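Dear colleague,

Please find below the structure that I am handing over to you.

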Amino acid sequence: MTRGPLVESAHRIAACASDDRGRVLAAFGTIDVPFYLRSAAKPFIAAAIVASGAADRFGFDARELAVIAASHNAEPFHLDAVRAILAKIGLDEAALQCGAHPPNYEPAAAALAAAGERPTAIHNNCSGKHAGILALCLAIGAPIETYLEAANPAQQLILALCGRLTNDDPARWPIGIDGCGIPVFATPLRNAALAFARLATLEGIADADAAALDRVRAAMLAHPAYVAGTGRFDTALMEAARGTIVCKAGAEGVHGSAAVTGSFGLVAKVVDGARRAAPPAVIAMLARLGALDARALAGLGPFARPEVYNVAGRTVGHIEAKLPDTISTGEA
């Protein structure tokens, strides 16, 4: 990040790109240290919900599947989708245990405040995922009261699918608690990139897992606004890539991309957790790997080199990614 003529701050990025066989295509920094995927795992959580039969049992449409995989803005259409899921499963907002926070989208937060209303759990950016996990519990007969616990059968199904996709052993995973309360697992970047490569190609996994991933991937690509929302990087990247990339960000500077036409997965982690560094880095890496054409890059300009403003709105600097001249595969 620059301010005037000087670099004022710098962030290191660790990242890995892999194909669906686990062959590392590019490595930036250390790729074998476990890290929490945070919300970048949501497409896989949504796939576990589909694989359980819950999506068919309750008749979820593509928009509802997309919001299950979302970290949404709590714009009206997001809230409508979450409420539709809850109505279909016969529960109300009181069943959501994700906690409340104001909408991430400032106009939505302002509208809520202007109406004299306080945010509730449905405004939480993870409310779609929580509604989906409640559906999973109901579909398999698991208790909904303990759906946040790692021992709940619904969470065990989710972790098992994530283990298959990453070629990792869930029994050995460090398990933390995400910001919204669900269990969050840690796996190395090379394993996470493999999972996103499989989301891209639907290869190297069992047919049932591939079918579930395919349905979630199609929903996210068809309705990118439901995955994030107005002004958000994930929505902008999927729209600019025009069906060739499906992606999901996570907290603490995590980001995963599945390059559908490029047949690879890319997962990045900003080492110090600074979210502002992720979009420029991801765009630069995807471009270097040939996954973004000139038209897509033009549409992503504000995210590729964000401007830094002072309080009065004057541009005083910018943020940009600096890639090494050559890309390592991280292999000996």
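Helices here are DSSP runs of H or I with at least four residues, numbered from the N terminus. Please note that the model is predicted.

I begin with Ser 71, which is placed in the loop that links α3 (62-68) and α4 (76-89). Is Ser 71 buried or exposed? Its relative accessibility is 6%, and because buried means under 20%, Ser 71 counts as buried. Its side chain makes a polar contact, at 2.8 Å, with the side chain of Lys 42. Beyond its neighbours within four places in sequence, Ser 71 is in contact with several residues, among them Ser 39, Asn 125, Val 227 and Lys 248.

The next element is an open sheet of three strands, ordered β5-β7-β6 with antiparallel pairing. Its edge strands, β5 (35-36) and β6 (175-177), each pair on one side only. Strand β5 is joined to β7 (residues 183-187) by two bridges, and Tyr 36 has Ala 186 in β7 as its bridge partner.

Finally, helix α7 (residues 153-166) has 14 residues, which at 1.5 Å a residue should span 20 Å; the end C-alpha atoms are 20 Å apart, which agrees. At the N-terminal end, Asn 152 caps α7, with a side-chain oxygen 2.8 Å from the backbone nitrogen of Ala 154. Just after the helix, Asn 167 takes a positive phi of about 55°. The buried residues of α7 include Ile 158, Leu 161 and Leu 165. Against which elements do the buried residues of α7 pack? They pack against α1 (42-51), α6 (127-140), β6, β7, α8 (189-201) and α9 (207-222).

With kind regards

Note on methods:
Residues are numbered from 1 along each chain as its sequence is written. This is a predicted model: local features need pLDDT of at least 70, side-chain atom pairs count only at pLDDT 80 or more; totals for chains, interfaces and linings use all residues. Side-chain values use heavy atoms; hydrogens and water are left out. Buried means under 20% relative accessible area, exposed over 50%, partly exposed in between (1.4 Å probe, protein chains only). A polar contact is a pair of N or O atoms within 3.5 Å; within protein, one must be able to donate a hydrogen and the other to accept it, and residues adjacent in sequence count only if both atoms are side-chain atoms. Contact means heavy atoms within 4.5 Å. Two strands pair if DSSP finds at least two bridges between them. The expected span of a helix is 1.5 Å times one less than its number of residues.
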